[in-house]
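Here are my notes on this model. Please read them with the structure open beside you.

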Amino acid sequence: MIRSNLKLIGAASILTSALIFNACNPQERAFATGVGVGVVAASVYSHPHYYGHPYYYYDGRYYYGGYYRNGFYYYKGQRFRNGHYYHRGYRYHHGHSYRARVGKYGYYQNRKQYNNRHRYR
């Protein structure tokens, strides 16, 4: 039993180090570090999942969790810069705050607006 656990730990560490030290994008690095500690990054979605909660929109993905500080978004040990952070009706981008507008930069207040997103373009 100890031998099988050691094999699993070894395989996870090899996979993690291979993905981290290669040219990976931040999402792949976050996934690899999650695998190394036994946690899968399950709070990244391709569409808005939780309405009314703060989230970060970057490269067509919605990130829930993490925090925004000084123009950067920190998520599971990664630092993002060029996305948009939404909290309480405001959009934060490069350290500036703006009033969030439905359909712009990945912001939707409910599922109905997201389903009718072609109307907001």
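1. His84 is buried, at 9% relative accessible area. Buried means under 20%, exposed over 50%, and partly exposed in between, using a 1.4 Å probe and protein chains only. His84 belongs to strand β7, residues 84-87. Strands here are DSSP runs of E with at least two residues, numbered from the N terminus.

2. A word on the source. This is a predicted model: local features need pLDDT of at least 70, side-chain atom pairs count only at pLDDT 80 or more, and totals for chains, interfaces and linings use all residues. Residues are numbered from 1 along each chain as its sequence is written, and side-chain values use heavy atoms, with hydrogens and water left out.

3. What does His84 touch? Leaving aside residues up to four places away in sequence, its contacts are Tyr55, Tyr56, Tyr57, Arg91, Tyr92, His93 and Tyr105. Contact means heavy atoms within 4.5 Å.

4. Now the strand pairing. Two strands pair if DSSP finds at least two bridges between them. β2 runs antiparallel to β7, with three bridges. β2 also pairs with β3 in the antiparallel sense, over four bridges. Look at Tyr57: its bridge partner in β7 is His84, and its partner in β3 is Tyr62.

5. Check the turns. β2 and β3 form a hairpin with two residues between them. Asp59 sits in that loop, between β2 (55-58) and β3 (61-64). Asp59 has a positive phi of about 55 degrees, yet is not a glycine. Asp59 is exposed, at 57%. Asn70 also has a positive phi of about 55 degrees without being a glycine. Asn70 lies between β4 (67-69) and β5 (72-75) and is exposed, at 70%.

6. Finally, the rings. Rings of Phe, Tyr and Trp (its six-membered ring) pair if their centres lie within 6.5 Å; planes under 30 degrees apart are stacked, over 60 edge-to-face, and the rest tilted. The count is 24 aromatic pairs. Tyr56 and Tyr58 are stacked, 6.3 Å centre to centre and 25 degrees between planes. Tyr56 is buried, at 1%, while Tyr58 is partly exposed, at 23%. Tyr73 and Tyr75 are stacked too, at 6.3 Å and 15 degrees, and both are buried.
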